[in-house]
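Let's take a look at this protein together.

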Amino acid sequence: MDVSKADPQEELAARLRLLQELSGLGVRALARDTGLSSSSLSRYLNGRTPPPWPAVVALCRLVKRDPRPLRALWERASQPLPAPPMSSRQVRPEPRNTLPRDVPDFTGREEALAAVLAGVDSHRAVSVDGMAGVGKSSLAVHAAHRLAARFPDAQLYVDLHGFTEGRPPLDPDSALRMLLGALDVPSERVPQEGLEQLAACWRAELAGRRAVVVLDNAADAEQVRPLLPGAGESVALITSRNRLLGLDEVPPVSLDVLSAEESLELLARAGGDPGGPDSRLGHDPESAAEVLRLCGRLPLALRLAGARLRHRPGWTVGILVERLAEGTDEFDTALAMSVRQLERPHARLFRMLGLLPGASFDEYLVAALADVPVRTARAMLEDLVDAHLVQQPVPGGYRLHDLVHQHARHASAQQDPAAERERALVRVLDYYVHAAAAADAAMPFVSPARPVAAGPAPAELPRFADKNAAMGWLVAEYGNLIAAFETAAAVGLDVHVCELPRFLRAYFARRCGTTHLNVLFERSLAAAERLGDPLRLAEAYSDLGFARHNAGRTAEAYEAYEAAALRVAEAGDARAAAELTLRRGYLAWDAGQVEEPLELFRRAATSYADAGCPEGAAHAAAAEAWALLQLGHREQAARLAREVLGVPHTDPAWPPALTARITLGVALAREAPQEAAGQLQRALESAREDGHLHNQAWCLNCLGVALRQMGRYDEALAGHRAAFALLDELFEEHWKIHFLNGYAETCRLAGLDEEALSLHRQVLELGPRLGNRHQEALAHEGIAAVLDATDPAAAAEHREASRTLLAQQATGTR
């Protein structure tokens, strides 16, 4: 094979196969000696999946080769260039594998593993239950790796935290959003609210896939039931400390502790003991049996005890027994002994890790927690990984086993002063607010949030090269950020409760469901009321109104905005006033008003300019230009859109430009068709690059309108139909009301009268429910235009209905 001509992933796979040839081992033996799972190793060698860097290092070390020359190739293979934009009906993305690493010393459990695989075959789901530390997660993950070849489309893992001390179980809504995100389901296809709708979306996504899903640490049947696959071939493996009696359709597999023989084998493998009468365990069988007793034959405790033996070659098994006997229970004896072997700074850090609110952490967070440089935190974490106290499921990402987290938390409560623990927790919460603010700054919202007031910034924060990197961090840290919010609320840190959701607004606009958004901002408002600061109250009411608007709760949105206006006037903050004015304009426009939103957009633009926020002013001006276009003022709309595009900026995907280009493209369609098509095409490319299906549909529909104005009806219809093919995949029907009349007009001019009537009548069905009298009036006018030649009397009735609606709109009546 000429590896020089292969793509990076193929070239890396070829280099790894050369390493295998040097080893002289088969895949299974190579996996065993490197601590990798054989299924994962097969994917790495075949070029199906780029390996994590530690796997490359392990393979190189086995054959005594320096891994550093492969680093650049690995980086290219692991971070390929983005694929070209595709339509919504694009080729399915590469399979996702979020399973933890298969434990290299998996021992015994033949009967239980066979029962799990049989349960998958017969019922497509199986639950594994048993006491803490008995190996439920290890068995489920091991079985999932065994099943990966049969279920190649996705191998997913989610920790439901049913028994994690210090945090509530993960709610099914959040779990479903994480799982859908792991499948790369576009956020626009994910229902904004409603657990049943989310579960239906999840089942629909799995129906066409062959996926295996591990649902680890379930609290009860109600938590896990919405997460189960429906029709199709996908399967689920569930673990819980409780028997999930409510899942009658899911067969249980109950685990007990290991047998004495299996326990001894696991202890030997974890301790690097070759076995036999001359080994440490074989030389002192009585002490070895006592180790098994003290560890309760629990796999987790045995692995920790074996790790101590492996890293202390001078110890006898008798010394290990003495150390274990100093503990107080079967698991904590092994764990406490492991902690006692640490140097004092490492032991202190380990205890402090028990204070972390989230499920995972990185070196930046740990540096803030311990108040040490990031380099020091990184080195200490690696030492804790080597001691089997901290897990590293992905490069740069760490977590604690539930029992280890519980032990660390208890140890900190017993050994560390309360004031020190409180300061450490506040540093963690300060870190999350500052890190979220840094991500927010890389992907700014319409009006940037004000500077952080929660506490001093840590010495080092993650760096985000662009908004895509920031978005990736927010997606990965979402669960931890919400856990930080919950912790701040629980300990009464109201400033953090107020600030954190505001720095997540750009993320919410793309990913978060409206139900969760409303709940977060309701709680932020309560915290702002306790603080009593007028500006915080103004921002909290404005954010709550924004959340209400997104959820379609129009009356409540108006109420929240009215309350915000009173506090803005009291606070006297120009930027907050500008943001509120712009939001009220959007709400008024979506409600079908005309004059009021135009006036609000103009006032917002002026207020943003006075406040020194050109991006906000451009957003408001672009919104005004779009509204003017809908009202038929094409020249004025085009002039204002050009002004927006002329505002200096540094972001190549500057958000106001999307609205301005669409407005300009439609406005110029008759007079300058070539420029119009170019503007619309650039807007569409920007929307596709951003992966936002709503904006893609908007661009395609407006392209259809412009092409119709150019007389290119067939192309125009194709644009409209492509837009509605996207809209049919979305869950927010109210979007369609803005597109239906334009689509219908194109159909009428193309001679498709029945299709035009059907589309206009859809507007008449949606309009009253959404309160959009402007679109209703346009629909009546469109129907009249279709009926003029065949039924003049009916056409006249529709025109009269249009005039009545416009009059009601002008006076604010219904």
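## The overall build

The protein has 39 helices and 9 strands, taken as DSSP runs (H or I of at least four residues for helices, E of at least two for strands) and numbered from the N terminus. Its radius of gyration is 30 Å, close to the 28 Å that the globule rule gives for 814 residues, so the protein is as compact as a globular protein of that length. That radius is taken over C-alpha atoms, and the rule is 2.2 Å times the number of residues to the power 0.38. Along the principal axes, the C-alpha atoms fill a box of roughly 105 × 60 × 55 Å.

This is a predicted model, where local features need pLDDT of at least 70 and side-chain atom pairs count only at pLDDT 80 or more, while totals for chains, interfaces and linings use all residues. Residues are numbered from 1 along each chain as its sequence is written, and side-chain values use heavy atoms, with hydrogens and water left out.

Of the 814 residues, 54% are buried, meaning under 20% relative accessible area with a 1.4 Å probe, protein chains only. The accessible surface comes to about 35000 Å², and 52% of that belongs to carbon and sulfur atoms; the areas come from the Shrake-Rupley method with a 1.4 Å probe.

## The cavities

How many cavities of 30 Å³ or more are there? The count is 6. A cavity here is a set of points on a 1 Å grid over the protein atoms alone where a 1.4 Å probe fits but cannot get out, and lining residues have an atom within 4 Å of a point. Points are joined across faces, edges and corners, and a volume is the space filled by probe spheres set on them.

The largest cavity holds about 110 Å³ of space. Among its 13 lining residues, Cys 498, Glu 499, Arg 502, Arg 536 and Glu 539 are the closest to its centre. Helix α26 gives the largest share of this lining, 4 residues. The second largest cavity has a volume of about 80 Å³, and its lining includes Asp 159, His 161, Phe 361 and Arg 399.

## A buried asparagine

Asn 701 counts as buried because its relative accessibility is 3%. Leaving aside residues up to four places away in sequence, Asn 701 touches Gly 719, His 720, Ala 723, Phe 724, Phe 739 and Tyr 743, where contact means heavy atoms within 4.5 Å.

Note on methods. 1 Å grid on protein atoms, 1.4 Å probe; cavity = no way out; pocket = protein on both sides within 12 Å on 5 of 7 lines; lining within 4 Å. Buried < 20%, exposed > 50% of the residue type's maximum accessible area, 1.4 Å probe, protein only.
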